[in-house]
Amino acid sequence: MNIETKCLHAGYTPKNTEPRVVPIVQSTTYVYDSTDDVAAVFDDPTKSLIYSRFENPTVMAVEEKIAALEGGVGAMCTSSGQAASLCSILNLCKAGDSFIASSAIYGGTINLFAVTFKRLGIECIFVDPDAPLEELQKAVKPNTKVVFGETIANPSLTVLDIAKFAELAHSNDIPLIVDNTFPTPALCRPIEHGADIVIHSTSKYMDGHAVQVGGVIVDAGTFDWTNGKFPEFTEPDESYHGLIYTKSYGKMAYIVKARMQLMRDFGCYPAAQSAFYLNLGLETLTLRMKQYCENAKIVSEYLESCDKVESVNYPGLKSNKYYEIAKKYMPDGCSGVISFVIKGGRSTAVKFMDSLKLASNEVHVADIRTCVLHPASATHRQLTDEQLVAAGINGGMIRFSVGLENINDILDDLKQAFANI
């Protein structure tokens, strides 16, 4: 269904040709020709639009664009990146199931997996992403349903060996989910390396301007859900009159099930206005990612030469332990996020950050503006000391998200802040 058809469903009629920009269809509901038409779409919601709690023409146009960027068969936008993580797992796991996740992932996701899912009866087993395949295999149980990792971990910047994790998943007949937020498809397409599902916090580089919170799930359409481990895909769904997802939707079974079951019930769908803003960011994504990478390379090299810095972590540096694997998966760059440990620990890190003038101290990352964060005090504050170590974070670590300002201005801001400690 193209954008014209979607807009017609919502009562919007474009003139002659497809609009230059995605129109904002600001509507909660849609009109049908007959009662039979309404009944038909409730039997199969893919036939038309029902309600903007789980589908909207503006959002669907952006979903198609992101699916194409990642090389997937379909996508579903969500109201946040956390909602994307939540739905991507709940579409596969129920009470009594377990799944495996890299320990080097975003702190909020760790809390979701370790605390909230535990309350729902779903076990998350965290593993060292750098461990050999044989060691990772030990974490697999008979009830393990999925493997999860981040392409570039936030904020430790651990680079996931996607092919290794894909082998772990596929050798056990389960799918791999990869959070590709930091690289975006402009720098890495995990599906090409074995990922079955890709998610994003679109609030970051995809949006790029810090104007809307959102997330997305992309279905590669590559996994065989009929292998016997996922009966909810191959057995009748009584909430949809006995519909069988693999039979009715083939390669799109995962993403259709996510929309028809989870989005229908949770309603964590973005507004049309949010999708409109996201689309504007997507239109400059490739150009922006190139500049982020160039600026971050220069900043990381400066920090590496600074005598007040204990260590610098940026996969684009030749001295970085992930340099070679980053080149394998992200040959054109590793985004604009750098983490570094300042000498003097937590108190010195805080003083340095409070001395910055151009860079904003904020709970955000991957913006067009340079921003900075102290993970141990903010995003990962809820973690224990042991979890902080597992996530690759210490008290002196600073997450520095390089923006698109003039590189000399960024460097001058760093220099004056270092002079104050």
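Reader: Which residue has a side chain joined to that of Q261 by a polar contact of 3.0 Å?

Author: A polar contact is a pair of N or O atoms within 3.5 Å; within protein, one must be able to donate a hydrogen and the other to accept it, and residues adjacent in sequence count only if both atoms are side-chain atoms. At 3.0 Å, the side chain of Q261 makes such a contact with D237.

Reader: What kind of model is this?

Author: Residues are numbered from 1 along each chain as its sequence is written, and side-chain values use heavy atoms, leaving out hydrogens and water. Local features need pLDDT of at least 70, side-chain atom pairs count only at pLDDT 80 or more, and totals for chains, interfaces and linings use all residues; the model is predicted.

Reader: Is Q261 buried or exposed?

Author: Q261 lies in helix α11, residues 253-266; helices (H or I, at least four residues) and strands (E, at least two) are DSSP runs, numbered from the N terminus. Buried means under 20% relative accessible area, exposed over 50%, and partly exposed in between, with a 1.4 Å probe and protein chains only. Q261 has a relative accessibility of 18%, so it counts as buried.

Reader: How far apart in space are Q261 and D237, C-alpha to C-alpha?

Author: Setting aside neighbours within four places in sequence, Q261 is in contact (heavy atoms within 4.5 Å) with D237 and Y245. Along the sequence, Q261 and D237 are 24 residues apart, and their C-alpha atoms are separated in space by 9.3 Å.

Reader: Now for the sheet: which strands stand at its edges?

Author: Two strands pair if DSSP finds at least two bridges between them. The open sheet has seven strands in the order β1-β7-β6-β5-β4-β2-β3, with mixed pairing. Each edge strand has a single partner, so one side of it is left without a neighbour in the sheet; these strands are β1 (74-78) and β3 (123-127).

Reader: Which residue in β7 is the bridge partner of V198?

Author: Strand β6 pairs in the parallel sense with β5 over three bridges, while five bridges join β6 to β7 in an antiparallel arrangement. In β7, V198 has as its bridge partner V218.

Reader: How many of the residues of β6 are buried?

Author: On one side of β6, I197, I199 and S201 are buried, and on the other V198 and H200 are buried too. That leaves β6 mostly covered, and its buried residues number five of five.

Reader: What angle does the direction of helix α3 make with that of β1?

Author: Axes are lines fitted to C-alpha atoms, for helices over the stretch in contact, and angles run from 0 to 180 degrees between N-to-C directions. Helix α3 (residues 57-70) packs on the sheet, touching β1, β6 and β7, and its direction makes with that of β1 an angle of about 125°.

Reader: Within what arc do the buried residues of helix α17 fall?

Author: In α17, the buried residues are I407, I410, L411, D413, L414, A417 and F418. The arc is that of the directions from the helix axis to the C-beta atoms. Seen down the axis of α17, these residues line one face of the helix because they fall within an arc of 155°.
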